Amino acid sequence: MHKISNFTGQARHGWEKMTPSIGFGMSRPHLPHEIAPTAVKRSYSGPTSMSPVPTAGSNAMNLSFNVPFASNLAGPSVDEVRYASPGAFARWTHPEDVAEGTPNYKLPVHTQNVDKLRRLCLQMSEGSGGRIQTNVTSSEPTMQQHLPGRPTKGLVTNVWIHGEEDVVQKLRARVLTETPISLRCATVDVEPGLIMPQPNAVRSEVLSHLDEVASQTKTDVFILSPRQVDVESASFNGKLDSNMENRLRIAIYGDLESSEHARTRVLIMIDQLLGRQVDVLRLELSLYPVVSGRAKRNIKLIESATNTAIYFPPMFPTIYGYTPPGARRPREEIIVTGEHQDGILQAKKRLAELVATAKPFVKDVGITASKIDNILLERLDKIRKIMEANGAFVLLPPLGTQNGVLRVQANDILTVERTVREIMSLAGQFYSASWWITHPDTSQRLPTPNDVRLMLSDVCINSGAEISFEKLNFHINGSDDSVKAAMMIIQGIPFVIKAQSTMRVKVELANEHKEFVSGKKNGKINKIMSQSNVQIVFDGFNEYNFYIDVRGTQYEATKNGLELVEQEMPASISFHVPDQYHKRIIGIGGQHIQRIMKKYSVFVKFSNAMDRGGIGKDDDDIKVDNVICRTPARNAQNLDLVKQEIMDMVEKVDAEFVSEHVVVDRLYHRELIARMPEIE
């Protein structure tokens with residue numbers, strides 16, 4: 001175990017030794033009040049007696065949020081289905097008497113999920129003894145043409161809850177964790193001869209195994225006909241492949257974790273059909289990425305050296321909290337398949353050696369609780385890519401827990417720091433806003449409780465943001481586009497139009513960009529404040545990010561001020577240039593790169609292997625982005641021009657990369673990986 005005290009500098013702040021089993025039993029660090037907004041009574045400067053909603057206590061609030069059902073997920077085409085697990089065909093296809101062109105959200109599986117949600121909310125209301133009121137609304141957005149960035153079609157399901165704040169937040173968590181919000185389809189291609197010895201006759205043992213997989217994981221499994229390829233478009237794009245045309249597809253429908261488990265079981269079934277042996281290894285979940293290495297390099301090397309395949313379980317078990325009734329989910333099981341038992345034993349031995357030599361560091365980081373949920377619901381795939389690229393493990397709190405602490409674990413400090421910074425950059429993609437009505441318009445009727453319910457549901461469905469409303473105050477959380485869309489809708493509400501209001505939008509940005517946005521002596525910010533009549537405050541948050549707080553009393557002024565701030569925020573592009581060409585591009589005394597930077601008003605930074613934390617040749621072989629170009633968003637169109645000019649200065653052998661995708665049968669992947677040095 002590394003001694004953290006041996007390291008100095010900023011990387012030392014906030015570190016602690018790794019414990020064998022990671023959990024959330026640690027004491028929570030002192031963080032700004034924004035991290036746990038539900039623990040703070042929101043301020044209000046207007047008259048409290050004019051609140052239009054019935055009070056369930058001093059902390060009564062209205063909360064409206066969308067339940068992210070995958071209602072646009074289409075089922076398989078009826079003509080393509082060759083096999084369906086019990087009940088799957090009825091759930092994922094329209095009845096015969098349904099008109100052609102019926103939207104996907106009317107599939108039985110989607111309507112059943114909405115009905116289950118309605119029953120759950122009714123149960124919560126009736127079980128509260130009148131302290132809680134709930135309502136479920138499902139409709140299509142009606143204001144897409146006015147709200148850029150919003151979905152153009154599809155059903156949105158919204159839940160409104162009224163009651164005491166702490167109870168409302170608990171019920172929100174219950175709604176999100178007891179409904180299948182992450183439905184998706186995973187596909188495995190398979191050669192017809194492997195599962196169909198005769199045309200249109202699937203092997204009985206394959207059907208029995210797929211039925212068992214569907215039963216144990218509570219997923220819906222289909223065997224589908226080969227894809228229909230448009231020959232003209234495919235040949236024009238250079239993607240026509242006769243082998244892929246003839247391959248059957250095994251489609252697996254289910255929630256995130258269940259579908260991943262089922263897909264792994266199907267891949268293992270294919271290995272067994274090929275005569276490969278199977279063995280199981282148990283390992284703590286937090287060590288998977290650390291053992292795998294950057295870009296799963298260690299696992300690829302073991303697979304190629306031992307002629308085995310190594311299957312890891314899902315990296316985010318229980319993150320959504322939802323488990324289908326009766327589903328079996330073996331966790332912390334690594335499955336190894338190989339042609340011979342000797343190869344499997346060798347692979348297990350090398351995995352054990354990696355575990356023994358791993359000396360992970362761990363760091364806890366504070367983040368706004370609402371943004372944790374946003375990341376889980378909208379950026380979980382990004383987190384997965386960050387973990388895989390860096391060989392780091394990220395422990396996220398479960399959905400809806402209002403826990404503002406995440407934990408990062410990796411083999412060295414630099415990797416942990418890099419991972420944390422990439423995650424914190426994701427947090428900057430989400431805004432929070434508040435709209436206080438300080439002096440209501442006396443000529444307008446204040447909203448009734450029913451008006452509040454309809455109003456909040458309409459704003460949420462059309463914007464995609466989550467909104468709470470109490471004592472004539474709106475509080476909005478969501479992606480940047482959704483928060484701006486919600487404010488646009490709110491400013492058109494009758495009782496808001498002529499009322500005197502104060503509004504605030506909080507934007508999160510990395511500390512390293514503070515001077516970039518503010519300019520010399522705050523010149524950029526002072527200019528924006530004078531032009532748009534808003535107040536802009538830089539508010540510290542944690543060691544990585546700070547808040548840009550845009551405040552105003554008029555919607556148009558606040559909107560313009562926010563747009564001007566966004567135009568000054570950094571836009572960047574990164575790419576790879578071999579290290580040996582950096583000096584040539586920079587020039588003597590930096591004259592070449594200075595000329596490019598001045599020409600395009602773009603800042604360019606180069607990093608070498610040492611800056612990136614590369615330890616040896618193995619790390620250098622992974623082509624990571626080592627050039628970053630940054631400029632204000634208003635000048636973003638010049639980024640591609642800078643990249644092109646830099647690449648023109650690199651020797652043609654390295655600059656003129658041509659990417660071409662070649663489809664290779666999965667059965668040949670291991671052999672190709674083993675012979676990769678020859679291919680290169």
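## Close-up views of a predicted model

**Figure 1. The hairpin of E16 and E17.** Strands E16 and E17 form a hairpin with two residues between them. Lys471 lies in the turn and has a positive phi of about 50°. The model shown here and in the other views is predicted. E16 covers residues 466–470, and E17 covers residues 473–479. The two strands run antiparallel and are joined by five bridges. Within this pairing, Phe469 stands opposite Phe474 of E17. Four of the five residues of E16 are buried, so this strand is largely enclosed by the rest of the structure.

Figure 2. Asn62 has Phe469 of E16 as its bridge partner. Phe469 also stands opposite Phe474 in E17.

Figure 3. Is E2 enclosed or open to the outside? Eight of its eight residues are buried, so E2 is largely enclosed by the rest of the structure. In a regular strand, side chains alternate between the two faces of the sheet. On one side of E2 lie Ala60, Asn62, Ser64 and Asn66, and on the other Met61, Leu63, Phe65 and Val67. Both faces are covered, with the residues named on each side all buried. Strand E5 (residues 156–164) runs antiparallel to E2 and is joined to E2 by eight bridges. In that pairing, the bridge partner of Phe65 is Val159 of E5.

**Figure 4. The nine-stranded sheet.** The strands E2, E5, E16 and E17 belong to an open sheet of nine strands, in the order E4-E5-E2-E16-E17-E15-E18-E20-E19. The pairing in this sheet is antiparallel. Strand E4 (133–139) and strand E19 (535–540) stand at the edges; each has a single partner strand, so one side of each is left without a neighbour in the sheet. Neighbouring strands are turned by 15° against each other on average, direction ignored. Elsewhere in the sheet, E18 (residues 500–510) and E20 (residues 545–552) run antiparallel and are joined by eight bridges. One of the bridge pairs there is formed by Val505 and Val550, the latter in E20.

**Figure 5. Helix H16 on the sheet.** Helix H16 is made up of residues 480–490. The helix lies across four strands, E15 (430–439), E16, E17 and E18. H16 runs at about 150° to E17.

Figure 6. Arg172 is part of helix H3, which covers residues 165–177. Is this arginine, Arg172, buried or exposed? Arg172 counts as buried because its relative accessibility is 4%, below the 20% cut-off for a buried residue. Leaving aside residues up to four places away in sequence, Arg172 touches Leu63, Phe65, Ile161, Asp373, Gly400, Gln402 and Glu466. Two of these contacts, Leu63 and Phe65, are on one side of E2 together with Met61 and Val67.

**Figure 7. The three-stranded sheet.** A separate view shows an open sheet of three strands in the order E9-E11-E10, with antiparallel pairing. Strand E9 (277–282) and strand E10 (308–311) stand at the edges with a single partner strand each, so one side of each has no neighbour in the sheet. From one strand to the next, the twist averages 20°. E10 pairs with E11 (residues 333–338) over four bridges, in the antiparallel sense. Ile310 has Val336 of E11 as its bridge partner.

**Figure 8. The largest cavity.** Rolling a probe the size of a water molecule over the atoms shows where empty space is left. The structure holds five cavities of 30 Å³ or more. The largest cavity has a volume of about 90 Å³. Which residues lie closest to its centre? Of the 14 residues that line this cavity, the closest are Ser182, Asp255, Glu257, Tyr320 and Tyr322. By class, the lining comprises seven nonpolar, four polar and three charged residues.

**Figure 9. The chain as context for the close-ups.** The chain has 27 helices and 23 strands. Of its 680 residues, 50% are buried. Among contacts in the chain with a separation of 6 or more, 78% are between residues 24 or more positions apart.

Definitions and conventions:
Residues numbered from 1 in each chain as written. Predicted model: local features only at pLDDT ≥ 70, side-chain atom pairs only at ≥ 80, totals over all residues. Heavy atoms only, no water. Buried < 20%, exposed > 50% of the residue type's maximum accessible area, 1.4 Å probe, protein only. Contact = heavy atoms within 4.5 Å. 1 Å grid on protein atoms, 1.4 Å probe; cavity = no way out; pocket = protein on both sides within 12 Å on 5 of 7 lines; lining within 4 Å. Points joined across faces, edges and corners; volume = space filled by probe spheres on them. Nonpolar A, V, L, I, M, F, W, Y, C, P; charged D, E, K, R; others polar. Pairing = 2+ DSSP bridges. Axes fitted to C-alpha atoms, helices over the stretch in contact; angles between N-to-C directions.
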